[in-house]
Each structure stands twice: as C-alpha cells, then as structure tokens.
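Please open the model in a viewer and keep the selection panel at hand.

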Amino acid sequence: MKVLVPVKRVVDYNVKVRVKADNSGVELANVKMSMNPFDEIAVEEAVRLKEAGTATEVVVVSIGPKQAQETIRTGLAMGGDRGILVEYDAETEPLAVAKLLKAIAAEENPDLVVLGKQAIDDDCSQTGQMLAQLLGWSQGTFASKVTPGDGTVDVTREIDGGLETIQLKMPAVVTADLRLNEPRYASLPNIMKAKKKEIAMKTPADYGVDMTPRLSTERVEEPPERQAGVMVESVSDLVAALKEKGAL
Amino acid sequence: MDRIVNRRDLAFQLYEVLDAEALTSYPRFADHGRDTFDAVIDTAERLALDKFAPHAAKADAEEPRFDGQRVHMIPEIGQALDAYVAAGFMAAHRDEADGGMALPWTIAQACAALFTGANASTTAYPFLTIAAANLLSVHGNRDQRSRYLQPMLEGRFFGTMCLSEPQAGSSLGDIRTRAEPMGAGRYRLKGAKMWISGGDHELSETIVHLVLARLPDAPPGVKGISLFIVPKHHVDDAGQVGARNDVALAGLNHKMGYRGTTNCLLNFGERDGAVGELVGEPHKGLSYMFHMMNEARVGVGLGATMMGYAGYLYSLDYARNRPQGRRPDQKDPASPPVAIIEHADVRRMLMQQKVYVEGALALTLHCARLIDQRDQTEDAEARAALVRLLDILTPIAKAWPSEYCLDANRLAIQVLGGYGYTRDYPVERLYRDNRLNPIHEGTNGIQGLDLLGRKAMIDGGAAFKALMAEIEATLAAAEAVHAVAPLRNALARLARRAALITADLGRLAAGGDVATALANSTPYLDMMGHTVIGWMWLRQALVAAAALDAGPAAGDRAFYEGKLAAARFFAAQEIPRADAQAAILESHDRSALDIDDAGF
C-alpha cells in the first residue's frame, strides 16, 4: 500500500503573528516557518502504517517556495521515503492545491492520501475535501483513528455528537485531526538519513494546473481589542445587563 | 516571541560570525550542511519547548526527595530525558558507528544551550553524562568503553563526576577517599563525596560515578590522585547490570536553585568497600579529570549565558506589553499609559542584558568552534596554537558569563519590578538557578587564580600573546570601518592597558610578591573578561556593518542596527567598567591582605 502525504509550510505555531504595516497580509520576513502541525500528524500516521507493515511507501508532497524542501525533509526525517516539491512562490489556494494533488495522485497511484484537516495559517479546511471530490474517491475527514482493512479503511471521525466510525473503500482521502496521534521528533540519525532521500522538483506547469488565485485579499487587520468586562453581583443583575446590551 | 534564544541571533552567531558551515570542509563533517545543522537545532528547540520548559517551575517547587531508600522526583523529568535520548542528543557529536551523527561540537553546544535555557536542572543529567562519556572515550580502555561508555551514549546509564569531599573541594590535593587493590584489576573504595550532581536517581538503569581517590602507595597532594569508575550497581563482564554496589546516598542537599537536579552526599564503602576499576594509569586521575573539566567549564559559561538569555527575552516581552506611566513630555494625566519599554531606564536595563547575554553567547560559541578546530586539525603546530588560545579563554568563558549573565537575571527581575520577585514569573527562578554558576566547576575565585597565576603567565606569556594577537587582528580589520569606530578605539586602548598590567603583575609575582599579584586576581579576571567580550562585540559589529553596507534583507535591518547600537553601548558604558578594574590593578592594592584577621 502506498501513502501520499501532502504537507504545507506555515508560520510556526509558536510565533505570535503580526499584521504587515500596509495591511496586505501577515509579516513573514524573519519569521520561523515549520510544517503545519496537522500535517505532522498525517506524516506520523503514514509512518506508523509503514512501521506496522501495512504501508510499503510514504511519499511526502509539498506545494510552496523552494524552502518548502526543508518541510519535506522534516517529513522524510520522521520516516517518509521520498518527496515531491511543486515549486510555487505565491500564496496557494485550496482548489489549486487540490488540482495539483489530483494530478500527482494520477501519477503516483496511492491507496491512501493522508493530510492535515486544515492548515494553521489560513484555517481553510478545504483541500482534503476538494481533492476527494476531484478524484471521485471516498473521504474520511477529522480522523482520530485510522484502521486499514482489506481494500478498505475504517476511519473514526470526531463529530459534534462524539465519534463516528465509517468504512471507506480505498483509494481514499483521510484528513488528520489533533487526537489521531502524537507525532515523533525527527531524530538526529534520521535527519542524516533524510538528507540522502530523493526530492523530485516540479512546477505547476508540469501538471498543467493554473494557480491563478480565485480570491483576492482586501485587507488584513488585527482582531479588535477586547473590551473590559464588568463584574455583576447576582444572576438578576446579569440578566438585566444582558437585556441592556440587547443580548436577551 | 522566541522564548529561549533569539533564533535570528543564534543563526547570526553560528553562520555569520563563526561561519559554522565552513566546518563541513573537515572530512568528519563532510556529510553535513546548514540544512542538517538547522534541522537538528529545530528538533532541539522543539523538544526543549515541548518537554523541558513546561516542568521547569514544577521541578523547582517540588524538588526531589529521599525517603531513606530511594529518590523520588516528578515524572516529567524522566519523560523529558527519554525523549531527549530517543531523539539522539546523548550521542549527537559521536561518530555514526557509535550511534551518533558526527555533529560538530559547535552545533551540539548550540543544542545544549537550548535545553539549558528551557530547563537547566533537567538538562544537568545529560550534561554530566556527556561530560563523563567524553572522558571515558579518551581515557577508558576498550572494555570500559564497551561496558560503560556505550550504554551512556544509548542513554541507559547516566554519569557523574565525584571530585569534592566534605572537607576538600577547591583543594583536591586534600581528598581522603582511598582505593585498595582487590586483584583482577578491581579496587575497593572507601570515602565520602560531596556536591555530587545527579549522584542518585532512578532515571537510568544505573549511574556511572567517575571518582577521584588515592591508592595506598600514592604520593601526597595532587600528584597522588587516581580516577576510578564506580557504578551504582555492579556491571558484569557482559555489561549486565546486577546487584547494588556499596555506594550509598547519605542525603540530598537542599539548594537555592537547580532544584530539579539531585545534589548528593555519597558514601562509598559503608560496608566492605565500593568496587571500582581504575581509569588509565595510577596517579594521573586529576589530569584526566581536567581534560573533561575544560570543556565542562565552557559549558558552564554557555549555560549561564542561556539562563541570562531566557530572562532577557522574558523581560523584553514584558516591557513591550506592560503599560505603566507616561513619557516625560506627556503632561495629560488622562492620556493612555505607555509600554514600559519606552522609559529610558528600562531601556538601559534591557540594553545591558542584551550586551551581556549576546556577548557571552558569542564567546562561548567561539570557544566551541575552537574545540572543533582543535579536534579536526591535523597540523601539530596549528593544534598547539588552538590549545593555547582555548586554555586562556576557558577561565574567562566560565567566569564572565556566570557573573554578568547572572547580573542580567538581576536586571530582568528589576524590569518586572514586584512581579519579578514573585514565583508567578520565571525570572526569579532563573536568577536562583544561575547563582550556581559562579560557584561550581571551579569557583570564579579559582578561575581568577587560574587565569592570572597560570594561563596568562605560562611559557613566557605565550597564550596571553596569542590572545592579544587575535584581538589585534580584529582591531586591524576594523580600522577603516566608521560604524564600529567607538568600540574599536575604546577596545584598542583597553587591550593595550591590559597588556601593560599583565606584564606588570608578572614582574610583581616574579619579584616574589605573589600575594599582592594574586590578591587582585578577581579584578584581573573581570578586566580581561570585559576585554574579551569587547572583542566579541567588535567581531559582531563588523559583521553587522558589512551586512548593512551590502543591503540587508527585509526585516534584517533592525537586527543589524541593533548589533551596532549594542556595540556602541558596550564602548560607552562597559569598557569604562574595565577601566575601573584596570585602575585597581595598577594600584597594587593590598589593603585586604594587610588587615589583621581581628580587624574584620
């Protein structure tokens, strides 16, 4: 079984993001970048499938600038076998990424595509769903447990009411939720091994995908500052205050 | 916000000032590149933030305790160290055949810095183990390396250094622990060892104590000290861990800081003697120990730097976000308060911390880079020159950061005011942790004696001259660079004065008045420290000035200009401190010597 894991290079989760002075976006100069945490969970799951003997090959894919190679290397140091980078410098949108991944899936023929449920930069949560639709494959989103069977995969999903387990026919697309696993650290010996693994360099043109954005960003602003609250003495005071604010 | 170190600064120090990438031209590091260095540092930072930092305050509040049988500590320490070992940090700088990744010492030290900055007391366990392992890899025999060193590199055994005794610490010539031969290359040890960090715990399968003791025929003093491996449990010929050896924990010391690290009084041979094996030749133990000690001293300086650095970053972030008071020109009491970073005296405290921690980081990483060069250089003469330079820099790299980065912690508390004095904020703990560093691995008083009494004078002052030649070379490179002129000029003057003072104190000692010369060894260490750190700032300023000339990348301008501003501050406010020490040294003051004991 072959597993394809798309990963995105995003602002590191420890960084406090700042809006650019001209309100055109967030400041990326001199900001630490790393793999989207949900994608790390996806890599971990794929590597565990390989360690369990279920998966035979784990291919890590990224679409982004040249530096996204480092993100792929992290995936390879965690246990991925080889990488594909589709080099593209401008901002990516889920639809274009899904189209590229569809083209890559057509070449690679994976049994499973595992990716993060969303990226922590734009929080879209669309790529996995769009990819499944474009491929015409089954999808199991927000997975907290993945159990492959014979030509099928059981996916436990986190839904509003609790957990739901569905069985998908493979090939399938699975998006990873936070509780699927705890990703490993790229160990030092594996960082050295990853250096020798192959990363194929591609461009969107190689796949005939038009990356032109369908959306335009008007302005990016800080969230409004939170107003100070007031302490109330009793429930009736609270009700009165809520009525006064028009909340009740 | 970076919490442990400014990663931009770390990259600046490693790649722009020290050109760490050039290390890959040595065959041993040929498989490496900036990509692997950065990937390793990323893993270290992440592990430090995820597994080390979160329990630093808890380990301080709930220090290990001894129930008479075993030591109990919070489980997070063991979990962090398991992750540290699993990621491969224990053996990182070792060859791939030993399970390592042949990482340069410079990069390994940068990683160690991140762990110490996150949580010094948990990091102490691997710090000691790596130091003990380095010693065994050089001086242990093949059997000892396979039975003890290999399990240490795998993180199964931890290590300690047992030098001090209750009655003898700085004066190791007076130790009393005895080792009696029992045949078959084994010895029975009896004696008490004090201040043993990591001396007992349940974190590893066993603990490998490296113990200084005297053989029955030993000459008196430091020439009669041998080094022994004494494990907490017997380790058989196949390397299997067996029953307890006769090593008993007499008690834990209750310390001001570093409270997550057990610190022990150990009794060797309460019953029939603790079984140990000799390392190397008899009576040479101290020189083996010092082989390790020099690197450990630079490591102490780096650790002190990182505790200062963590406090600096915390107080900087606080100053940017804490609104209080108004600028002098804001007369309207209804106007909104400003962040305290806008107040002049807060800026001074932040700048002072910046020049201390970034200057100390430059020096300690510079020493690590010299250690790499020393170990990889084939040419005997070049190697000897590097050894000389490291010899004279080591007491400075240990003492200066442990004095001034501790002072940085004091200033971080001050920036936070009353909040800084409470245990709700980490800066008071950083101060308490860092307060160890002027004391251990040779007190700073010992470092002063080592620098003035030995390193600066030995071989006709060869090491001192080598250091001055290095400083002169940087001064020459700075000759035509207008942006660094204030520091260049101030440092040139100070360096000349330091050279005259060194010659003068040398004459004083040679003339028989050793006491007066050595009475001022601490001001000497201080003056030389500021000279060397001034040199480190000039090196940084030169790189920053060149980067600004070349046109920096977007977002880098403020960083480089910050380096130049810090260099100007060092010239204006720190060099005069060294001048004050110089004036003391020139006066040959003996008032502390001359006062009668009864006069205190």
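Is E221(A) buried or exposed? E221(A) counts as exposed, at 52% relative accessibility (exposed means over 50% relative accessible area, buried under 20%, and partly exposed in between, with a 1.4 Å probe and protein chains only). This is a predicted model, in which local features need pLDDT of at least 70, side-chain atom pairs count only at pLDDT 80 or more, and totals for chains, interfaces and linings use all residues. Residues are numbered from 1 along each chain as its sequence is written, chains are lettered from A and ligands numbered from 1 in the order in which they are written, and side-chain values use heavy atoms, with hydrogens and water left out.

**First selection: a pair in chain A**

A salt bridge here is a side-chain nitrogen of Lys or Arg within 4 Å of a carboxyl oxygen of Asp or Glu. R219(A) is exposed as well, with a relative accessible area of 53%.

**Next: a surface patch**

Select V230(A), V232(A), V235(A), L238(A), V239(A), L242(A) and L248(A), which form a nonpolar surface patch with about 620 Å² of accessible area together. Patch members have over 30% relative accessible area and no salt bridge; like charges are joined within 9 Å, and nonpolar side chains (Val, Leu, Ile, Met, Phe, Trp, Tyr) within 5 Å. The areas come from the Shrake-Rupley method with a 1.4 Å probe, and for residues only the protein chains shown count as cover. V230(A) is exposed at a relative accessible area of 70% and sits in the loop between β11 (199-202) and α6 (235-244) of chain A. Helices (H or I, at least four residues) and strands (E, at least two) are DSSP runs, numbered from the N terminus.

**Next: the interface of chains A and B**

Display both chains. Together they bury about 1900 Å², 54% of it on carbon and sulfur atoms; buried area is the accessible area (1.4 Å probe) that two parts lose on being put together, summed over both. On the chain A side, Y185(A), L188(A) and M192(A) lose the most area to chain B, together 36% of what that side buries. The contact (heavy atoms within 4.5 Å) takes 17 residues from chain A and 31 residues from chain B.

Five salt bridges are found across this interface. Select E40(A) and R46(B), whose side chains meet at 2.5 Å, N to O. This pair runs from helix α1 (residues 37-51) of chain A to helix α2 (residues 34-52) of chain B. E40(A) is buried, at 6% relative accessible area, whereas R46(B) is partly exposed at 26%. E182(A) and K51(B) form another salt bridge, with closest N and O atoms 3.6 Å apart.

**Next: M101(B)**

Select M101(B), in the loop between α4 (75-86) and α5 (105-118) of chain B. M101(B) is buried, with a relative accessible area of 1%. Beyond neighbours within four places in sequence, its contacts include L188(A), I191(A) and M192(A) from chain A, and H32(B) and V40(B) from chain B. A91(B) is also in contact with M101(B); their C-alpha atoms, ten residues apart along the chain, are separated by 7.5 Å.

Select R271(B) and D246(B), which meet in a salt bridge (3.6 Å, N to O). R271(B) lies in the loop between β11 (263-268) and β12 (274-279) and D246(B) in the loop between β9 (241-244) and β10 (247-252), so the pair ties together parts 25 residues apart in sequence. R271(B) is exposed at 58%, while D246(B) is buried at 4%.
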